[in-house]
Amino acid sequence: MKILSLDYQKYSLHNGLEVILYPETSLPITVVNLWYNVGSSRDSKRKTGLAHLFEHMMFQGSRHVKKGEHFKFIQDSGGTLNASTSFDVTNYFEKIPSDFLETALWLESDRMGFFLEALTDETLANQIEVVKNERLERYDNQPYGLTWEKVFGLLYKETHPYHAPTIGYMKDILSYNQKDVGEFFNTYYQPRNASVVIAGDFEIEQTKDLIEKYFGEMKSAKEVSPLLTDAKNLLESKSEIVYDAVSLEKILLVWNTEKIFHENNFALDILSDILTGSKNGRLYNILVLQRELALQVSAFQFSGKYGGFFCVTATAKPGKSLDEIKKIILAELDHLFKNEITSEELTRAKNGIKANFIYSMQSLDSVANHLNHYNFYLGEPNSFSFELSLYEKVEKESVKQCALYFDKPYVDLRFVPKEKEVKL
């Protein structure tokens with residue numbers, strides 16, 4: 001396999017901010033990608049969704065940037081911006097014409113250093129309303145919208161960092177106050193709890209000077225304590241039926257697996273492709289093409305810092321039985337683990353994963369995010385070849401050995417139309 005290696009520099013400011021510089025001058029574009037080491041796993045029991053609220057609040061202005069101006073400065077330059085919150089991190093990024101790099105660094109530094117000075121009851125109330133409506137639109141009033149809230153709630157006990165949904169529960173969303181926001185910001189939004197990637201067309205020494213200018217004088221509070229977590233797996237299988245405003249029945253079967261970058265996760269990725277990665281996938285072929293029981297079926301491996309799972313989900317055709325679909329899924333998994341995996345299946349899965357990986361590298365945004373991703377989880381930003389090598393190492397037996405996860409308790413979650421009464 002050809003080595004995939006990027007020429008980058010990594011260093012830290014005296015206040016702990018990690019800086020990763022990746023010059024790539026083929027286009028006059030630069031990306032600023034900033035990760036804070038805080039996601040919904042850090043939300044307290046009665047303040048779920050607070051990390052996600054910050055994704056919204058950080059666009060509401062700071063000492064030198066009025067509400068709405070962050071968007072205006074970037075968009076007027078011809079750039080784009082966005083943010084995201086996951087269980088593990090919160091990510092902010094801008095893609096701008098290279099001439100506007102200093103503007104982007106100034107904007108990010110102002111809200112890192114001076115966000116609280118612009119916080120008002122009005123801006124907080126406004127964003128609580130925005131998040132409330134997002135919750136209603138994407139979760140409570142969306143067909144199958146409670147899927148992942150239910151999955152994580154069943155799979156992980158209440159004390160686990162992944163138990164609650166990233167957006168938070170409605171009663172908690174409505175309870176946020178300025179004290180909650182201030183304490184959260186002062187704890188997590190500090191230089192030593194962040195890393196910034198600059199990727200694209202820029203001059204290295206000049207950019208180092210700009211980073212020192214805008215971030216160097218900031219103080220860091222005390223170091224964030226490691227998150228202590230109860231990572232025990234399910235002790236017994238759990239089942240739940242959700243009566244929802246849906247027209248088609250849906251089933252999800254979910255098993256505990258491993259945390260991110262465990263070597264077995266790469267075999268599980270390949271397993272998911274063998275099952276449902278294409279029309280040649282075993283479950284797709286049986287459930288959709290041959291038996292015509294399902295409209296769609298998919299499988300995937302999820303992993304984060306504090307846990308992982310493997311999920312198989314299928315949407316039934318009208319009048320078809322979820323019990324029959326489940327029986328076939330479990331039987332095919334058992335058959336796969338006890339019998340031969342073909343060389344063609346293994347090669348096709350590896351090639352598909354590799355192709356998708358290489359395709360993602362065509363985007364500067366994606367490259368910058370990969371650098372921060374590897375830095376956060378592995379401590380080494382340039383881990384592209386390392387990750388690909390873990391897929392290359394997967395053999396037929398590696399996939400079959402994953403049977404150990406499927407002999408253990410699992411979650412059986414079903415969505416059925418409200419008017420239908422079903423018994424497991």
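Both Asp-180 and Lys-47 are buried, where buried means a relative accessible area under 20%, exposed means over 50%, and partly exposed is in between, with a 1.4 Å probe and protein chains only. The side chains of Asp-180 and Lys-47 meet in a salt bridge, with N and O 3.0 Å apart; a salt bridge is a side-chain nitrogen of Lys or Arg within 4 Å of a carboxyl oxygen of Asp or Glu. This pair links distant parts of the chain, since Asp-180 is in helix α7 and Lys-47 is in the loop between β3 and α1, 133 residues apart. Helices (H or I, at least four residues) and strands (E, at least two) are DSSP runs, numbered from the N terminus. In general, side chains of opposite charge can pair when their charged atoms come close.

The model is a predicted one, in which local features need pLDDT of at least 70 and side-chain atom pairs count only at pLDDT 80 or more, while totals for chains, interfaces and linings use all residues. Residues are numbered from 1 along each chain as its sequence is written, and side-chain values use heavy atoms, with hydrogens and water left out.

Lys-213 forms a salt bridge with Glu-102, the closest N and O atoms being 3.1 Å apart. Because Lys-213 lies in helix α8 (residues 204–215) and Glu-102 in helix α3 (residues 101–114), the pair ties together parts that are 111 residues apart in sequence. Lys-213 counts as exposed, at 52% relative accessibility, whereas Glu-102, at 32%, counts as partly exposed. Arg-348 and Glu-344 also form a salt bridge, with their closest N and O atoms 3.6 Å apart, and because these two residues are four residues apart in helix α12 (residues 343–360), they are separated by about one helical turn. Arg-348 is partly exposed at 26% relative accessibility, and Glu-344 is exposed at 58%. Elsewhere, Asp-323, Lys-326, Asp-412 and Arg-414 are linked in a network of salt bridges.

We can turn next to the aromatic rings. Rings of Phe, Tyr and Trp (its six-membered ring) pair if their centres lie within 6.5 Å, and planes under 30 degrees apart count as stacked, over 60 as edge-to-face and the rest as tilted. By this rule the count comes to 38 aromatic pairs. In one of them, the rings of Trp-35 and Phe-376 have their centres 5.8 Å apart and their planes at 55°, so the pair is tilted. Trp-35 is in strand β3 (residues 29–36) and Phe-376 in helix α13 (residues 364–378), 341 residues apart, and the pair thus links distant parts of the chain. Trp-35 and Phe-376 are both buried. The rings of Phe-54 and Phe-185, by contrast, are stacked, because their planes are at 15°, with centres 6.3 Å apart. Phe-54 is buried, with a relative accessible area of 0%, and Phe-185 counts as buried at 5%. Phe-54 and Phe-185 also belong to a cluster linked by ring pairs, whose other members include Tyr-36, Phe-59 and Tyr-92.

How is the protein divided into domains? It has domain 1 (6–215) and domain 2 (238–420), with bounds that come from an automatic or database domain assignment. The centres of the two domains, taken over C-alpha atoms, are separated by 29 Å, and the contact (heavy atoms within 4.5 Å) takes 39 residues from domain 1 and 41 residues from domain 2. Between them the domains bury about 3,300 Å², 66% of it on carbon and sulfur atoms; buried area is the accessible area (1.4 Å probe) that two parts lose on being put together, summed over both. In domain 1, Trp-35, Tyr-144 and Leu-154 lose the most area to domain 2, together 22% of what that side buries. The count between the domains is two salt bridges.

Most residues other than glycine have a negative phi. Lys-250 lies over the face of Tyr-144, at 4.9 Å from the ring centre, where a charge sits over a ring if NZ of Lys or CZ of Arg is within 6 Å of the ring centre and within 35 degrees of the ring normal.
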